[in-house]
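Please look through the structure below. The paragraphs that follow start at a pocket, move to one residue, and end at a helix.

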Amino acid sequence: MPQVTLIEAVTQALAHEMARDPSVVVLGEDVGVNGGVFRATVGLSERFGPERVLDTPLDETMIAGLAVGLATQGMKPVAEAQFEGFVFPMFDHIYCHAARFRNRTRGRMTCPLVLRAPWGGGIRAPEHHSDAPEAMFAHVPGLRVVIPSSPARAYGLLLAAIRDPDPVIFFEPKRIYRQYKEEVPDDGEALPLDVCFVLRDGTDATLVTWGASVKECLEAADQLAAEGVSVEVIDVATLRPLDIDTILESVAKTRRCVIVHEAPKTGGVGAEIAARLAERAMYDLVAPVERVCGWDTHMPLFRLEMKYLPSTARIVEGVRRVLAHG
Amino acid sequence: MSIVAKFAVEHVQYLDPEGRLADHAPAVAQDLERLVATYQAMARVRVFDAKAINLQRTGKLGTYASCLGHEAAHVAIGMAMRPEDCFAPMYREYGAQFVRGVKPREVLLYWGGDERGNDFSGPKHDYPWCVPIATQCLHAAGAALAFRTRREPRVAVTVVGDGGSSKSDFYGAINAAGVWNLPFVCVIVNNQWAISVPRRMQSAAETLAQKGIAAGIASVQVDGNDAIAMLDVLDRAIARARAGEGPMLVEAVTYRLHDHTTADDARRYRGEDEVKAAWAREPMKRLRAYLAGRGAWDDAKEKAWLEQCEREVNAEVDAYLASSPPPTRAMFDHLYAELPADVAEQRRLAGQ
């Protein structure tokens, strides 16, 4: 059984789907001979040829627009933005076109593209290489926004994203690209989209998170367990459409919820989750919903980035605050 | 110092504003049957355009983008393409679309505020009207890339305006088409005005065609009011693209005789003299004169054809006016292949 890192799981999923489905093509900057700046597409050009692994001119707008063109004509493009900080020139095509083609043509045309991008902070990268813009995409009707948090989920969710008949934004937490290996059989088994994954059962509080922060949430749960506090940890995984039912079910049990994400707090996806808890779980809760997030500042350059990202200590404090109630 | 490269931009015109044919005219000038069909399509879309503007003025249509003056450029695109080719329009190329099977009632439905207009009777792979300027150029390039990848002998044709040729999407599309030698034809329909901003303020480039030179693709400027030149150039551009001989950029020089849309008032930014001069160069008069001179068209045919167009367009208008708005739930019908549970709840709340 192969032991792979998260980034190797991405490569494994891409290769599996390209072998299975001739309509899958990969395009982006440096994805060909170089195998991508993070090596997510390494070996694909040699195996599938330069017509299916397209090194594009350096133009993010172009990559997104081409992906829309390919997807609306029966192909399954998997476009790569080199970093999440470079997705903004692509946003026009994602927001105005990819998300809307099915609706505006009344189903005549569909746009099953995948836009992959390394996402988030924590790798001491230069400016514009460490952001968490998922809320901007999660706000858009017609899109799916997926962020895996382990090698197995990267493999299974990317397969599902490529097979999905609608556009999927697939953000990969680069901080944990090579954090650890786990067994990921290359069996072509997709994981379900649109559902949360309960990573740890608990009874006293629920930690709701996604991406690299899953690591700190699990650490926080370990620390609190040593004190006799039982914390449930949920990886949201698909931020849109949001599986609120799994979160509601957990909160009905634990009666306390802390939402953790590295994006800025204001207007983040955590705000949507908190609003839905207010709508539907008001009387289950014994404490106000806490949010432990990136500050409402710009992502700082890397000397301060670990002060910006939610730390295990901040998450533990957040849980202690909700535990003070009830 | 040495010169590393030299470029020239060809201008193509065969039919002058009076309908006189140049000596070096191409074979299409002798294909009177095709030219009559082209003229008829131009006349039909002009009748439609006037009706659509009237519908807007009388409150029966939303904002509408007129195609008045663009008929030769637009219809020639439709005439030069095959059904299996893919058309990515901007939002006033009805002349091309009618030739490809789109119905007038569908255009009206779209500008009448109903997405069903985009589920039109033209080829199912043709793109819907595209409002974010120039984005369609990249969709066409992506379509061309799909055709090339699948080894299909199909061509993607897109239209952009003089204003749209300032956008990065346009540059990205011709750049990609050049790099990968895509079966792609981009027609800049240069109608001199991007709402109120004149052509000279879009670019210091002497021609818009020369933008294609920077992308390394064949580029030509055409009198966009000369249907014979448009047909000849587009026939060649599409044939060579289909044969794998590369993409082409065509600048069709024309003039927007109407306001940008019915929400615009062009008198705010351009003089009557300019418009009057443009009317003297408009595309229908010269083709009609040429066909009449060749004995292929006359006043009786003109009258009969216009009457037929009136009848047909009126029937289309009636069909549009008789259509009911979609039910409220239609907003949710095509959001995703399968509606997520939380949005399904909103559909219930929105009611019928």
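In this predicted model, helix 10 of chain A gives the most to the lining of the largest pocket, contributing four residues. The volume of that pocket is about 990 Å³. Its lining is made up of 44 residues, and the closest to the centre are A:His139, A:Val140, A:Pro141, A:Arg240 and B:Leu335.

Within chain A, domain 1 (3-183) and domain 2 (197-323) each provide at least three lining residues. Sorted by class, the lining has 25 nonpolar, nine polar and ten charged residues.

A:Ser213 belongs to helix 8, which covers residues 213-226. Is A:Ser213 buried or exposed? Its relative accessible area is 1%, and buried means under 20%, so A:Ser213 is buried. Apart from neighbours within four places in sequence, A:Ser213 is in contact with A:Arg175, A:Val260, A:Glu262 and A:Pro310.

The last stop is in chain B. Helix 5 of chain B runs over residues 135-149 and has 15 residues. From its first C-alpha to its last, helix 5 reaches 21 Å, close to the 21 Å expected at 1.5 Å a residue. How many of the residues of helix 5 of chain B are buried? The count is 15 of its 15 residues, and the helix is described as mostly covered. After helix 5 of chain B comes B:Arg151, with a positive phi near 55 degrees.

Definitions and conventions. Residues numbered from 1 in each chain as written. Chains lettered and ligands numbered in written order. Predicted model: local features only at pLDDT ≥ 70, side-chain atom pairs only at ≥ 80, totals over all residues. Heavy atoms only, no water. 1 Å grid on protein atoms, 1.4 Å probe; cavity = no way out; pocket = protein on both sides within 12 Å on 5 of 7 lines; lining within 4 Å. Points joined across faces, edges and corners; volume = space filled by probe spheres on them. Helix = DSSP H or I, 4+ residues; strand = E, 2+ residues; numbered from the N terminus. Nonpolar A, V, L, I, M, F, W, Y, C, P; charged D, E, K, R; others polar. Domains from an automatic or database assignment. Buried < 20%, exposed > 50% of the residue type's maximum accessible area, 1.4 Å probe, protein only. Contact = heavy atoms within 4.5 Å. Expected span 1.5 Å × (residues − 1).
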